Each structure stands twice: as C-alpha cells, then as structure tokens.
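Here is a report on the sheet and the nonpolar cores of one protein model. Keep the 3D view open while you read.

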Amino acid sequence: MSGYDVEQPNHPEPSYLSALGLNKNPFPTTYQDDFLYLDTERNQRIQAIHQLAQNSNLLLLVTGEHGVGKTSLLKRFTLTADDNCSVCEVQANTMMDAEQLLVNIARGFGLHVTNQPATILQDTLYQYLITIKHNGQTPLLVIDDAHELPKDALQTLFTLADAETGEGNLLGIILFCEPQIEILLESPSFKTLRERITNSINIPPFNEEQTAEYIKHRLAVSGFSSTSPFKPRDIR
C-alpha cells in the first residue's frame, strides 16, 4: 500500500460512480483518512502504538503481509500523534543507502541539509535531536516499508536507535514492514542488534466478515446508501 505515499496523476472518475449514486471514488489511490476502516483489532493496535510511542527507548516493529493496510495505520498514527512527539516519516526503498537514509531523516525533522559527509550529517542530526528533547518533545522516526532498506541502512538505523543522552535514548523508532524483515534480522550480523527491539505488533489480514465491513464503510463514505452491490461470493 506504499502507493498511498505518492501523489498520483488525475484519472477520470470510474464509470460506476454515477450508476451507484456515489459522490467520490471509494478506493482512491492516495490516503484519505475518512476512508480508513478500523475494526476492533486495528483500533487496539493503533492505541498500543500510541502508548508505546511515549517510551523514548522504543524500537518497535509493526509487521504484516503486503496489502493488509500497514501504510494506512502509519498515516493515521502520524496524523493523531501526541503533541509532545516530533515525528519524522520516511518512505523506504531498496535504493536508500545509509547516507540517503540519514538525509531523509534529517529533512523529515526539518533540517536543511546539503552535500555533507555522512559523519558530519549524523553529528548534525544528533545535535538537533538533543535540542528537540531539551524542548520537552520526544523525537520519533517512523519508517514505512522498512524491510526494503539495504543492510548498511539498517545498520545505521540501529546505530541511531542506540544513541543516548543523559535522559535516555535519543530517538524512538517505529518500523512498518513485511514479515520478511525477521529473516534479515536473524542473520549473524544483526544478532546483537535484534536484542535492541523493544516491542513488535502484527497486523493480520481481514477475515471475510471484516472485509465486508471494510467495503461497506468505504462505500458509505462515498455516499452510497442502498443495498450492497456485492454478493457474499464476491466478498469471499
């Protein structure tokens, strides 16, 4: 669902909108918060993430298979994060090496960075995060598709997670990722780093009943008020 992070070009509205009396597309390609369907399980997980985010020592893995809605939950979390959290959101990809990751983190926290050596950039970022903490806020880094990060970027990420001040860890980190990241973290080079993970939360796929409610919710937000156009076999 990482496509939600990218602005899509304008497309003609689907022809079924007028036929169903809808006022907007119930399945837009970009994230729109009113379309988010939170069943009991997902609402519990969002609340758990909010509670854990208060811990400056946090290194949280939020895992789920492709398509279960991790990006949507990430977006809802960042939109509703407590005022005492200074949140940086990064969209990972397979080409994001350690240096590019640092650049994206620095920019996400509002720093203007130029072509600086990685060591200088890292020191600059550390000092800025210290300033954030001294101002009474909790710096929080949220990364989507973290399983796509190359090994050197993950190594840098864990180095950031271990950075400390006199008030505890410098940066809380939440990684939204597919379960395959567990395989990578089992490798010998990450054995000691894996011990740094403080919590993990799994996002399960919808069952048939939840899928029906998900579709019903999106149609309702789009203005639909009639009998569902989907038969039970369609839902299955």
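## Terms and model

Helices (H or I, at least four residues) and strands (E, at least two) are DSSP runs, numbered from the N terminus. The model is predicted: local features need pLDDT of at least 70, side-chain atom pairs count only at pLDDT 80 or more, and totals for chains, interfaces and linings use all residues. Residues are numbered from 1 along each chain as its sequence is written, and side-chain values use heavy atoms, without hydrogens and water.

Five strands form an open sheet in the order 2-3-6-1-7, with parallel pairing. Two strands pair if DSSP finds at least two bridges between them. Strand 2 and strand 7 (199–202) are the edges, each pairing on one side only. The twist averages 15° from one strand to the next.

Strand 3 and strand 6 pair in parallel over five bridges. D144 stands opposite F176 in strand 6.

## Helix 6 and the cores

Helix 6 lies across strand 1, strand 3 and strand 6. Its direction is about 150° to strand 6. Axes are lines fitted to C-alpha atoms, for helices over the stretch in contact (heavy atoms within 4.5 Å); angles run from 0 to 180 degrees between N-to-C directions.

The largest nonpolar core has 40 residues. Such a core is a set of buried (under 20% relative accessible area, 1.4 Å probe, protein chains only) Ala, Val, Leu, Ile, Met, Phe, Trp, Tyr and Cys residues joined through side-chain atoms within 4.5 Å. Among those with the most contacts inside it are I105, L125 and L157. Contributing elements, with two or more residues each, include helix 4 (98–108), helix 5 (118–134) and helix 6 (151–162). Helix 6 gives the most, with six residues.

Beyond four places in sequence, L157 contacts L101, L141, I143, L149, I173 and L175. Another core, of 16 residues, lies apart; I46, V68, I174 and F176 are among them.

Conventions: Buried < 20%, exposed > 50% of the residue type's maximum accessible area, 1.4 Å probe, protein only.
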